[in-house]
Amino acid sequence: MAKQVTDWGRFELLTPDESTRSIVASSQGTAGSGKSHFWLTAPDPIAYFLFDPGGLKGLRNNELFTEKEIRVIDYCGELNIGKLPKVERIAQSLEAFERFQADWDVAIRNAKTLIIDKESLLWEMVRYAHDEVESPTPKNFHELNLLYRGWVQDAEVHGKNLGLIRDMHDTWGKIGVSREGKPQQGFTGKFKPDGQKYVPSLVQINLEHRWDDENREFVLKVLEKCRLGNAVDLMGKEFPGFNFMDLAMTVYPDSSPEEWQ
């Protein structure tokens, strides 16, 4: 029986795409777990949005990166929310946010890899810029969430690598019961990433980093969200000593290193 011809309008047939190789990821981990180090192994030119005071100390002179083209904007020198009086935080955050938007457009045009360090501090700047920290009637969170979606979509459309580096904090909750039978509260030892809550659902892949003291190496773990490669094999798996290119070859096994340069 002949196949019926159907007019699909603007719909296109889904076919394998080998034209663009990119990784858009969140990278969470405690301090010293190798998050920044990992992302500096990504292809250059690299546009580095630095919100973490001293976040690149110890890496600036690392011989692994001295030959790479790494462009940095240090927002720490432009905005110190904690030092500002409350009455000045909104105005100065708005100024920094507008500069960030312009800087982002420059990076999208020129960089192969964009890095936000730390994403949680970018989120604080965005919240203050839109008066969504202490406002009695918060109304703009939908707009803030759209901004994040827009940045991720921009990286996807232009085929850029994007790393959203995230710190983690110990959560507070029930840790036991007293002799009197009353719940005891305290730090649970269960860590949760800081920053905008929709990041894990926006990116292609969620990564966790840690330092293995026994083997003296950084360890990379693929978390529960993975749109790249064979997710069933990758989710929950740890990769000792992995750099960006190791991950790229794992999630794009049919690619070659030259395609990423």
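Predicted model: local features only at pLDDT ≥ 70, side-chain atom pairs only at ≥ 80, totals over all residues.
Let's start with the big picture. The protein has seven helices and ten strands, and its C-alpha atoms fill a box of roughly 75 × 50 × 45 Å along the principal axes. Of its 261 residues, 42% are buried. Now think about who touches whom. Among contacts with a separation of 6 or more, 62% are between residues 24 or more positions apart.

Next, find helix H2, which runs over residues 86-110. Two packed helices are described by the angle between their axes and the distance between the axes. Angles under 35 degrees count as roughly parallel, so H2 and H4 are roughly parallel to each other. H2 passes H4 in a left-handed crossing. On the H2 side, the contact is made by Phe-97, Phe-100, Gln-101, Trp-104 and Ile-108, while H4 brings Leu-147, Trp-151, Asp-154 and Ala-155. Sorted by class, that gives seven nonpolar residues, one polar and one charged.

H2 has another partner, helix H3. Here the angle is about 120° and the axes are 7 Å apart, which makes H2 oblique to H3. This crossing is left-handed too: H2 passes H3 in a left-handed crossing. H2 supplies Arg-89, Ile-90, Ser-93, Leu-94, Ala-96, Phe-97 and Phe-100 to the contact, and H3 answers with Leu-122, Met-125, Val-126, Tyr-128 and Ala-129. By class, the contact of H2 with H3 has ten nonpolar residues, one polar and one charged.

Let's zoom in on one of those H2 residues. Is Ser-93 buried or exposed? Buried means under 20% relative accessible area, and Ser-93 has 0%, so this residue is buried. Leaving aside neighbours within four places in sequence, Ser-93 is in contact with Leu-79, Ile-81, Met-125, Tyr-128 and Ala-129.

Now for the nonpolar cores. Which residues touch the most other members of the largest one? In this core of 34 residues, the answer is Phe-49 and Phe-100. Not counting residues up to four places away in sequence, Phe-100 touches Phe-49, Phe-51, Tyr-75, Ile-116, Leu-122, Met-125 and Trp-151. There is also a second, separate core of 30 residues, which includes Ala-25, Phe-38, Leu-207 and Phe-239.

Last stop: Gly-195, in the loop between strand S7 (183-193) and H5. With a relative accessible area of 28%, Gly-195 is partly exposed. Which residues does Gly-195 touch, not counting those up to four places away in sequence? They are Glu-119, Ser-120, Trp-123 and Arg-166. And have a look at Lys-118: this residue and Gly-195 are 77 residues apart along the chain, yet their C-alpha atoms are separated by 8.6 Å.

How values were computed: Residues numbered from 1 in each chain as written. Heavy atoms only, no water. Axes fitted to C-alpha atoms, helices over the stretch in contact; angles between N-to-C directions. Helix = DSSP H or I, 4+ residues; strand = E, 2+ residues; numbered from the N terminus. Parallel < 35°, antiparallel > 145°, perpendicular 65-115°, else oblique. Left-handed = near helix turned anticlockwise from the far one by under 90°. Contact = heavy atoms within 4.5 Å. Nonpolar A, V, L, I, M, F, W, Y, C, P; charged D, E, K, R; others polar. Core = buried A, V, L, I, M, F, W, Y, C linked by side-chain atoms within 4.5 Å. Buried < 20%, exposed > 50% of the residue type's maximum accessible area, 1.4 Å probe, protein only.
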